[in-house]
Amino acid sequence: MDNSNWTFLQTFTPEFQAMRSDLDSKVAAAKALPSLSPDTLNELSVLLAKATKLLLMQLARYPHMTRSSTRSNLEKSIETLRAANVAKPKFAFKRKPKPPASASPPASTPKASPARTATSTPLSTSTNLVLSTHTHKYLTRSDLTDHPQQTDLAISDLDFCIIDLLPSSTTTNDGSSGNMIISALHARNLTNCVLLLPVIEGSALLHDLSQCVIVLGSHQFRMHSSKNIDVLLSISSNPIIEDCHSIRFAQYPEIFLASPEGNKESTPFSVQDFSHIRPTPSPHYSWMTSESHSNLIQQLVSFRAKADIMGINDALPQ
Amino acid sequence: MGLLTIIRKNRQKEKEMRLLFLGLDNAGKTTILKKLNGEDISSISPTLGFNIKTFAHGKYTLNIWDVGGQRTLRPYWRNYFEQTDALVWVVDSGDRARMQDCKQELHSLLTEDRLAGASLLVFANKQDLQGSMTDAEICDSLDLHSITTHRWKIWSCSAVTGENLVSGLDWVVNDVAERLYYSSTSTSQPKPSTKELPIATQ
């Protein structure tokens, strides 16, 4: 597969680069002109459209090309092209006022906007529940800061951690924590982690995870740019993955379901891979065998009993 | 039936509008549409591709295009710009972390020639969630005040409860109508929509 990527890149890249440099030079030439004729602009637009089309076609033809380096290179090329596209109206449409750039904000709302943006940045970290920057720890609900009963949860930058936010199985804990309602989960940049969450109300968005076990129930599930993840999921819609590989899915463990009365059988779900939009099965995910599923659940239960990260490596997907 | 009646009827038929629903993934575009249409919203999956809904709103027929917001799908948004009368930009008011991303995507859309005439309605969705940003905060975060190329309005709403969905749609439909059918709007006041919105029962 790598070989075919290489041959593809070798033929495609020069062709595309030639197109791009041609376009670049023409844009530069057009900028240098004192006034721009509609013909020149049209010519540029056509060139840009051609290059974009070529790129999109090639991407569509080689969807298996998921090695992130090659792919992100191509994406960068698209981005630069798009930037060029956005830049063009600067000189093309003189009839329009030019407020979208930097000129207008001071002009239109000089009074409040700088001050308000300054206050809104710290706001973003203070109002929701954040669990961030830990290594080698077993984190539970008691490690969370004070929060309203309903909150969204942001988990980021953890390494070798077990995050156990399941309601405590022992009766010693105060009852209030059992009612925690998580309205959304945002996880980013977790490595070598085990995430044990109850069934949450809202959606889960996960970015940039590797070597993790995710145990979660949610309304929707989206995972991006992640690899080597085991996902034990309870969900009523279709989970989706995008730009991921080596993902294994299985059902949410019944023993972690909080209330026995809500003992509904987990419904089977089907996974959609947005990086593989075609009828053939996606190579980026698979289903966990029932044997490894039950082994994993046993390991998770023993972690909870010890409340320690000892042996975490054995549970993580390799 | 005279000729005038026929002409009027024909004109009535033409009163269509094309609305394009866009926004980042997990904003709630599909949920808003399904709620407006009185459908079940409990098991909506992330949109792979697009949905089209056609329904009557007041005296207009709305053709609503709802295109998925996942990153891989965003390059395809441009395929849906043609003949769009209004852009409805849906924002997840609880998603503070991606407001910058949201702002960039919106502002890059507004530079598109093919969306030049379109009215812009920003739905600040998920207001039912505690701790979500207010419409004023979102207005600042998305720098809406800098928009001078489009007529715009921000509307806080909740797709889950149905709050403010119809009134937001009313604004955008009337705004488009003033532009497209100005000869016939001057006499008529905005009517409440023909479809009653089921208020959340769950």
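**A threonine and its surroundings**

Leaving aside neighbours within four places in sequence, B:Thr47 is in contact (heavy atoms within 4.5 Å) with A:Phe274, B:Thr30, B:Asp66, B:Gly68 and B:Leu73. This is a predicted model: local features need pLDDT of at least 70, side-chain atom pairs count only at pLDDT 80 or more, and totals for chains, interfaces and linings use all residues. Residues are numbered from 1 along each chain as its sequence is written, chains are lettered from A and ligands numbered from 1 in the order written, and side-chain values use heavy atoms, without hydrogens and water.

B:Thr47 sits in the loop between α2 (29-36) and β2 (50-57) of chain B. Helices (H or I, at least four residues) and strands (E, at least two) are DSSP runs, numbered from the N terminus. B:Thr47 has a relative accessible area of 13%, so B:Thr47 is buried. Buried means under 20%, exposed over 50%, partly exposed in between (1.4 Å probe, protein chains only). The side chains of B:Thr47 and B:Thr30 make a polar contact at 2.8 Å. Such a contact is a pair of N or O atoms within 3.5 Å; within protein, one must be able to donate a hydrogen and the other to accept it, and residues adjacent in sequence count only if both atoms are side-chain atoms.

Now the whole chain. Chain B has six helices and six strands. From the N terminus, their order is α-β-α-β-β-β-α-β-α-β-α-α. Of the 202 residues in chain B, 56% are buried. Among contacts in chain B between residues at least 6 apart in sequence, 75% join residues at least 24 apart.
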